[in-house]
Amino acid sequence: MKTFKGYRRPNGTIGVRNHVIVINTVGELAGLTKKLAQLVPGVIPVAHQAGKAQYPEDLEQTVRTLKGTAGHPNVSAALFLGMGQGDRAEEIASELAAEGHYVHAITFKDKKAISDVLKEGKLWLEKALERCRSQQTETADVTELIIGLECGGSDAWSGITANPSIGACSDLIVRDGGTSILAETTEAIGAEHILAKRAVNSKVSEQFLKIVKDYEERIKDTGEDIRSANPTPGNMAGGLTTLEEKSLGCIKKGGNSPLMEVLSYAEKPTEKGFVFMDTPGYDVESVAGLAAGGAQIVLFSTGKGSPTGSPIVPVIKIGTNPKLYEIMSEHIDVNAGKIIEGISTIDEVGQEIYDTIMQTANGSFTAAEKHKNQEFAIWRLAETI
């Protein structure tokens, strides 16, 4: 069995990183979140614009994402900043603490001055960082890994090289007892019937077809037809011609394993194996959902060279073509363009991706990590109130 060295959390999960983060619960504290992180080198800010003026369903999704992010196995400690006026910083922190996570919340409900918040936060984060650095790793096996599957800036080669290679890797992960999560519901439209046929039972098949239909209906309600709006201009510049062509290439990231479960955005899997998460096509929001759902590592194919990363999970970039790798090799971890050149097969690149996952799980930094690409945004279902 393949093993890696990870950080065991009190709830039993295992992390491949040991981050200390500061995260805001409401958008107006995004700037202060970044400022506080700057006061303590080594602390990562997870700033966003959500948390207020949202419909109930959106607010619950935001809270679920915040909780999944702060309680992620890659996170050693998390500090929440809240306004204390209807936001749920203290509630989320209390729930996470009850699960064994090292968390704290500071709010402005007692009319604290910003300078006092910065001082209190700095002291807590310094102690958290000291605690983090004393934590030791232990051996874990691949069955404890959850791998997110994502793509961004697809081109005509995506469905021929990088995505099938990710699919081959996903099948290897599933074969060895791990879990892979395919995301981006919009990227399944036009090919949803293919994935539905792979569902482990009719209930899972119906759930999957429903989230695809519901997503398309919501888009239609805005006056847009995603079947004519997709592929995007960037996709078309890369050689994609139809939505179906794009979707057929995108779902190849899921390999050939049975579809075991359908998840809501930022929801944690309850099944092992291959599962699907309902996320948007926007890669920053989609990666955030995969991470909040427990993925310790994300695989990300790109034909245009998207540098998207994450504050808390390593993102492994798989380039689709040799030209991209030649131009943007500093942003690409695996060159699937070798398939075009006849140097490697899909299965061989899939194995290379698997090996890169294990190296990353053991502490090797991805290109996105080296460049500190730490994008974060939460998917919103409706307009701001």
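Domain 1 and domain 2 bury about 1000 Å² between them, and 61% of that is on carbon and sulfur atoms. Buried area here is the accessible area (1.4 Å probe) that two parts lose on being put together, summed over both. This is a predicted model, where local features need pLDDT of at least 70 and side-chain atom pairs count only at pLDDT 80 or more, while totals for chains, interfaces and linings use all residues. Residues are numbered from 1 along each chain as its sequence is written, and side-chain values use heavy atoms, with hydrogens and water left out.

Where are the two domains? The assignment, automatic or from a database, puts domain 1 at 19-134 and domain 2 at 141-370. Their centres, taken over C-alpha atoms, are separated by 29 Å. Domain 1 gives 14 residues to the contact and domain 2 gives 15, contact meaning heavy atoms within 4.5 Å.

Next, the count of salt bridges between domain 1 and domain 2 is zero; that would be a side-chain nitrogen of Lys or Arg within 4 Å of a carboxyl oxygen of Asp or Glu.

Now the sheet. Four strands make an open sheet, ordered β4-β3-β5-β6, with parallel pairing. Strands (E, at least two residues) and helices (H or I, at least four) are DSSP runs, numbered from the N terminus, and two strands pair if DSSP finds at least two bridges between them. At the edges are β4 (44-46) and β6 (102-107), each pairing on one side only. Inside, six bridges join β3 (residues 19-24) to β5 (residues 75-82). Val20 stands opposite Ala77 in β5.
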